[in-house]
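Let's take a walk through this model together, starting with its strands and ending inside it.

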Amino acid sequence: MDTANVPERGITPTLEKPMTLLRKTALALMLSGLVATPALAGHHEGKEKAAGTIVDVAAGNADFETLVAAVKAAGLVETLSGEGPFTVFAPTDDAFAKLPAGTLESLLLPENKDQLVAILTYHVVAGKVKAADVVKLDSATTVNGQAADIEVTGSTVRIDGATVTATDIKASNGVIHVIDTVILPD
């Protein structure tokens, strides 16, 4: 007789009470309830972890490496990490790649900081403007003082010709809407 599967008390496996599928399922449900209950309770108590600032959220997304580099070069990290709230129409790395050759490199030079600030602040609207509100607007006044045109055609939203590709990305100090083109002030 193989004793490897015999319990310590000497009871043979044939005499043990088998655990039925029903009992295993009930045990699994009870254990999952014990694990999930604290998470649900914490959610209802408002202890859900808040998203980082707009800069933190952008820095944590590989599609915004160029935007984050530009924000740093413009000296806007502290501003966009501030209390806000802000709405940022954030161009992706692919959007920056659409700029004419040499444009981005030129904008990142210290002597062109004012021009870079003007462009980046043209992507920012004061206040938290969610997608449901954006579609009701014809234009939005940006932080640089100029108005950006908003056009809604069916389910497509454009700001100064750039298509909004993702909306309502939450940050602790505002919201980000992703756009496919860098928009330029007049």
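Two strands pair here if DSSP finds at least two bridges between them; the strands themselves (E, at least two residues) and the helices (H or I, at least four) are DSSP runs numbered from the N terminus. This is a predicted model, in which local features need pLDDT of at least 70 and side-chain atom pairs count only at pLDDT 80 or more, while totals for chains, interfaces and linings use all residues. Residues are numbered from 1 along each chain as its sequence is written, and side-chain values use heavy atoms, with hydrogens and water left out.

The structure holds one cavity of 30 Å³ or more, where a cavity is a set of points on a 1 Å grid over the protein atoms alone at which a 1.4 Å probe fits but cannot get out, and lining residues have an atom within 4 Å of a point. Grid points are joined across faces, edges and corners, and the volume is the space filled by probe spheres set on the points. The largest cavity contains about 140 Å³. Its lining has 16 residues, with Ile54, Leu67, Val71, Leu80 and Val88 the closest to the centre. Strand E1 gives the most to this lining, with four residues.

Note on methods: 1 Å grid on protein atoms, 1.4 Å probe; cavity = no way out; pocket = protein on both sides within 12 Å on 5 of 7 lines; lining within 4 Å.
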